[in-house]
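Below is a short report on a two-chain model. Please look at the sequence and structure first.

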Amino acid sequence: MLKTTWFLWTLGLLSVGYWVQLSVKAKWSQMRGARELERPGVSTMTHSPGDVVGRLEIPRLSVSTVVFEGADQDVLERGAGHLPGSALPGNRGNTVLAAHRDTFFRPLRGIRIGDVVKIHTPPKDSVYIVESARVVEPDEVDVLKPTREPALTLITCYPFRYIGPAPERFVVRAVLAR
Amino acid sequence: MKRFSSLKNGLPIAALALLGCAILNPLLKADEYNRKTVITINQPLEVPGVVLAPGTYVMRLFNSSSDRHIVQFMTEDQKQQLALTFAVAADRVRPTGRTVLTMYEGARGEPPAIRTWFYPGDVVGQEFLYPHKQAVRISERTNQNVPEVETGQAASAKEAAAAVVPAAEPAKSNESPGESVFIAKAEPAPPPAPAPIAAPEPQQPAAEQQSPAANNAQAPAEPPAATAADDTLPKTAGKGPLAALIGGLSFILAFCLRKMKGSRLL
């Protein structure tokens, strides 16, 4: 009995500790990324994993997160990730960004067609308008295909209410505002 | 080298094309039906599904009367097929008397990738379709749209390839299934370092090579292989909430057990 209780306390402490660690890591990475973006002369044309790519903002949903290069677990724990191989924000082609649905992209559940999505990649800002949102299977990689016009694809897990790995993906497609 | 210099001096536009080393010199040994064209390259050239090492190759239309947009890349002796690729029709206003190849220009030491092929006298040529992974990579580094082969096409190409490859020369490698078919003798997708360009014969690369603007390659480092090319979308489930839930439940259970023990229920 005593052992079980101690086991549960230990498990609880470890789990909460891990959660706190992830939260601190995310906050710290966001702060560091924001500082980097504000630094004069910073170039966001780099492609190394973990590099700061820019800042993603959806004003209506109060989303504001630093975007890092890469889409692995480490990057997604720190912020939104720019899928390597996809176009850079503002450029021709399909810019693909992914983030956790239970942290940075949680507000995406309230996205609407016509919403404005801004990406700040010094020295320029790109403004996209949401044109669609849909739920797809994880293997529907068509959404990653390059596009003729500049487009932005935001990917997160679905359903939003899930805790842990969710079975589907929520995909928002936006096009560059003229 | 001498030839390179003279070309540069004579045709300013060539600078761009030469950068991409598109210095392919198709020697025409034309079979009108299959559009057979001999090309000589002295630096790697990316074609759908494979990177060709410097050397001489034969490109020709696959022997199909129903589809005139399947292109074979063969060894010089035509005994081995290196790639079997799909293309779509590409138009030009005026035909020329020479073979014209255009490229997606390479960047940072990466080889150029073939884009279109016009046979002498034709106004309709071939625009090559690339496997998804390769298309994304080329598109990223050149900032241009690279048309992709569709899964259905890839499947039929595989069948065709199986039928065509001579028994003596078995297929060496295949990329991820369902993308495109290639039988690689040379190195597969990861591009090798570039080499100087050989100048072949009667080709006039400048005239119809891509414009410098269109070829404007962005400076990217090599995109990691396991990203957009994966078969699944990124995993975007955070571990934090799950950890917090487990932690919370553990605390509640531990607290309940303690209470129950205190009240001697257990």
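Predicted model: local features only at pLDDT ≥ 70, side-chain atom pairs only at ≥ 80, totals over all residues.

Residues are numbered from 1 along each chain as its sequence is written, and side-chain values use heavy atoms, without hydrogens and water.

Contact (heavy atoms within 4.5 Å) between the chains involves 53 residues from chain A and 42 residues from chain B. About 4000 Å² is buried between chain A and chain B, with 68% from carbon and sulfur atoms; buried area is the accessible area (1.4 Å probe) that two parts lose on being put together, summed over both. Between the two chains there are 0 salt bridges, a salt bridge being a side-chain nitrogen of Lys or Arg within 4 Å of a carboxyl oxygen of Asp or Glu. On the side of chain A that touches chain B, H1(A) gives the most, with 13 residues.

Three elements of chain A give two or more residues to that side:

| Element | Residues |
|---|---|
| helix H1 of chain A | 2–38 |
| helix H2 of chain A | 73–78 |
| strand S7 of chain A | 151–158 |

Chain B has 7 helices and 9 strands, which are DSSP runs (helices H or I, at least four residues; strands E, at least two). Of its 266 residues, 52% are buried, meaning under 20% relative accessible area with a 1.4 Å probe and protein chains only.

Leu242(B) lies in helix H7 (residues 240–262) of chain B. Leu242(B) counts as partly exposed because its relative accessibility is 32%, between the 20% limit for buried and the 50% limit for exposed.

Conventions. Chains lettered and ligands numbered in written order.
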